[in-house]
Amino acid sequence: MASAHPSQGLPSGMDPSMVDEYASQSKLLQEFVKIPSIGKAWVFTSKDENASRAMVSVSQSDLLANKKRSFLLNTHISKSSSKSVSFQWSPFPVEMSGVSAVVPSPSGKKLLLVRNAEDDDSPTKLEIWGPCQLENEIHVARSVHGSLYADGWFEGISWNQEETLIAYVAEEPPQPKPEFNDSGYKKEGSSQKDFRSWKGQGDIEDSWGETYSNKRIPALFVANISSGEVRALKGIPRSLSAGQVIWAPSSSYSLVFVAWSDDNGFQETPRKLGIKYCYNRPCALYAAADPFKEEADKPSTDSNKGDTAALVKLTADLSSAFFPRFSPDGKYLVFISAKSAVDSGAHNATNSMHKIDWPTDGKLEGSLSVSDVVPTVMSPQDGCFPGMYCSGLLRFPWLSDGRTMILSSAWGSKEVILSINVASGEVSRVSPQDSDYSWNVLALDNNNILAVSSSLVTLPQMYYGFEDSHTDKPCQWDWQEISSPFPKPSDKGQLLVSRS
């Protein structure tokens with residue numbers, strides 16, 4: 001009797017009964033990847049306090065292209081006196097193809113889109129959009145700087161209040177490298193393409209590790225959106241990696257930024273070691289002058305060409321300072337510190353919050369006073385505030401009182417939303433106390449909060465939070481679930497998620 005032959009076209013080890021199962025799993029996978037992930041959100045207020053607009057960035061996996069596609073969804077927010085809110089979503093999203101960053105201006109009347117260069121020969125593009133047209137497009141050559149840092153620790157793109165200048169963090173321009181022939185002499189007429197060979201490349205450049213391995217040192221630049229001129233902020237030593245730049249209130253030092261040093265304190269030879277998942281890298285806040293204002297204030301003589309204003313280190317007595325934010329009245333500079341992690345060497349530890357009384361005259365002379373807002377919590381009590389574990393801040397995290405900051409922080413095994421009064425140091429939990437889900441703040445709508453909630457077995461759901469002023473208990477919030485246009489998985493998909 002002849003032996004049965006394997007089914008034609010089936011891989012080894014598979015039988016026909018497995019084909020249907022794989023097909024079913026494939027359909028479920030395609031169903032799940034169609035569900036968008038919610039990223040950032042921006043709310044634009046109007047003269048009508050009961051109406052506002054919002055943009056929500058979402059992403060969706062593209063299995064065929066093996067990448068993520070990004071979209072923007074617009075919605076109109078209508079509020080009533082009975083503390084109910086309705087969202088009227090636009091019928092279709094707008095795809096942000098090739099866009100690395102979306103940054104609205106403070107008034108919401110302009111929008112910056114960043115398109116990083118896809119190859120070494122293409123420029124970086126900064127697009128300035130108005131209400132109904134492209135107002136300006138700035139092409140920045142690779143000789144000026146490389147790609148912008150659009151996410152991660154070094155991310156920093158900031159409009160000034162007049163909405164005439166944009167400060168941002170990008171790769172420094174390529175450094176000149178020596179090229180040698182076989183005899184060891186400098187080779188004349190070498191092109192940049194020759195530098196990719198095995199031949200002499202000059203001093204080795206250390207990187208910041210994962211996701212930064214192919215990026216050059218982050219540096220600061222300022223672009224004039226009218227003229228299109230881009231100027232580098234000079235005077236920052238190459239031993240410092242700059243990031244998280246913001247504009248200061250009226251001051252001779254217009255820019256405040258974070259800088260990480262090559263000297264990590266763990267060894268004699270400075271090395272960057274990596275930063276993506278490590279909060280224990282020493283860093284400090286610095287202030288510097290806007291390069292456009294600095295040049296305008298100086299006499300135009302050959303003797304001072306190339307001079308730069310000295311950097312001012314604002315946090316000389318702290319081993320860590322990041323996420324700087326000015327209070328709306330400009331009186332405080334508030335920031336987060338991971339000094340507990342830096343001083344102990346732990347990859348992550350509880351954070352603290354501090355503030356600097358910003359001088360009213362804008363002159364940064366003498367030592368600045370740094371005071372605690374939320375101190376480091378080393379031994380939290382059961383059920384009480386465990387300390388701050390903050391991985392990000394909104395660009396404008398303030399309620400209308402100008403003293404209350406809203407942020408997300410880890411609390412046990414989940415994330416919660418906190419309110420922090422920077423004047424009194426009072427910390428309150430804003431997200432529901434009895435919720436087992438993680439909550440993240442997306443944006444503020446005056447004194448209301450747009451947030452997203454999810455868990456390991458539930459899909460992300462957006463919520464709108466109102467502060468309840470009709471109760472004797474402090475910091476009580478009502479949360480309303482928002483109807484969204486995002487598709488839901490099938491019943492089988494929902495069942496699989498809940499069982500996972």
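Predicted model: local features only at pLDDT ≥ 70, side-chain atom pairs only at ≥ 80, totals over all residues.
1. The rings of Y149, W153, F154, W208, Y212, W260, Y279, F322 and F323 are linked through ring pairs into a cluster. Across the whole structure, the search finds 22 aromatic pairs. A pair of this kind is described by two values, the distance of the ring centres and the angle of the planes.

2. One of the pairs is formed by W153 and Y279, and its geometry is edge-to-face. The ring centres are 5.0 Å apart, with 80° between the planes. What does this pair tie together? W153 belongs to the loop between β9 (134-140) and β10 (157-159), whereas Y279 belongs to the loop between β15 (255-261) and β16 (283-288); the pair therefore ties together parts that are 126 residues apart in sequence. W153 and Y279 are both buried.

3. A further pair joins Y464 and F466. Their ring centres are likewise separated by a stated distance, 5.0 Å, and their planes meet at 65°, so this pair is edge-to-face. The cut-off needed here is that planes over 60 degrees apart count as edge-to-face. Are these two residues buried or exposed? Y464 has a relative accessible area of 0% and is buried. F466 is also counted as buried, at 6% relative accessibility; the cut-off for this class is under 20%.

4. Charged side chains also meet aromatic rings in the model. Y149, a member of the cluster named in the opening point, has the charged end of K215 over its ring, 5.0 Å from the ring centre. At Y332, the residue over the face of the ring is K355, at 4.2 Å from the ring centre.

5. The next topic is empty space. Rolling a probe the size of a water molecule over the atoms shows where such space is left. How many cavities of 30 Å³ or more does a search of the whole structure find? The search finds 2. The largest cavity has a volume of about 70 Å³. Its lining consists of I35, P36, I38, L459, P460, S484, F486, P487 and K488. By class, these lining residues are 7 nonpolar, 1 polar and 1 charged.

6. The second largest cavity holds about 30 Å³ of space. Which residues line the second largest cavity? They are W153, W260, I275, C278, Y279, N280, R281, C283 and F322. This lining divides into 7 nonpolar, 1 polar and 1 charged residues.

7. S320 deserves a separate remark. This serine lies in the loop between β17 (312-313) and β18 (322-326), and S320 is buried, with a relative accessible area of 0%. A polar atom of the S320 side chain lies 2.9 Å from the backbone nitrogen of A338.

8. S369 is found in the loop between β20 (352-357) and β21 (370-374); with a relative accessible area of 48%, S369 is partly exposed. W358 is 11 residues from S369 along the chain, and their C-alpha atoms are separated by 8.9 Å.

9. D119 is placed in the loop between β7 (111-115) and β8 (124-129). At 38% relative accessibility, D119 counts as partly exposed. The C-alpha atoms of D119 and R142 are 9.7 Å apart, and the two residues are separated by 23 residues along the chain.

Conventions:
Residues numbered from 1 in each chain as written. Heavy atoms only, no water. 1 Å grid on protein atoms, 1.4 Å probe; cavity = no way out; pocket = protein on both sides within 12 Å on 5 of 7 lines; lining within 4 Å. Points joined across faces, edges and corners; volume = space filled by probe spheres on them. Nonpolar A, V, L, I, M, F, W, Y, C, P; charged D, E, K, R; others polar. Phe/Tyr/Trp six-rings, centres within 6.5 Å; stacked < 30°, edge-to-face > 60°. Helix = DSSP H or I, 4+ residues; strand = E, 2+ residues; numbered from the N terminus. Buried < 20%, exposed > 50% of the residue type's maximum accessible area, 1.4 Å probe, protein only. Lys NZ or Arg CZ within 6 Å of the ring centre and 35° of its normal. Polar contact = N/O pair within 3.5 Å; in protein donor to acceptor, adjacent residues only side chain to side chain.
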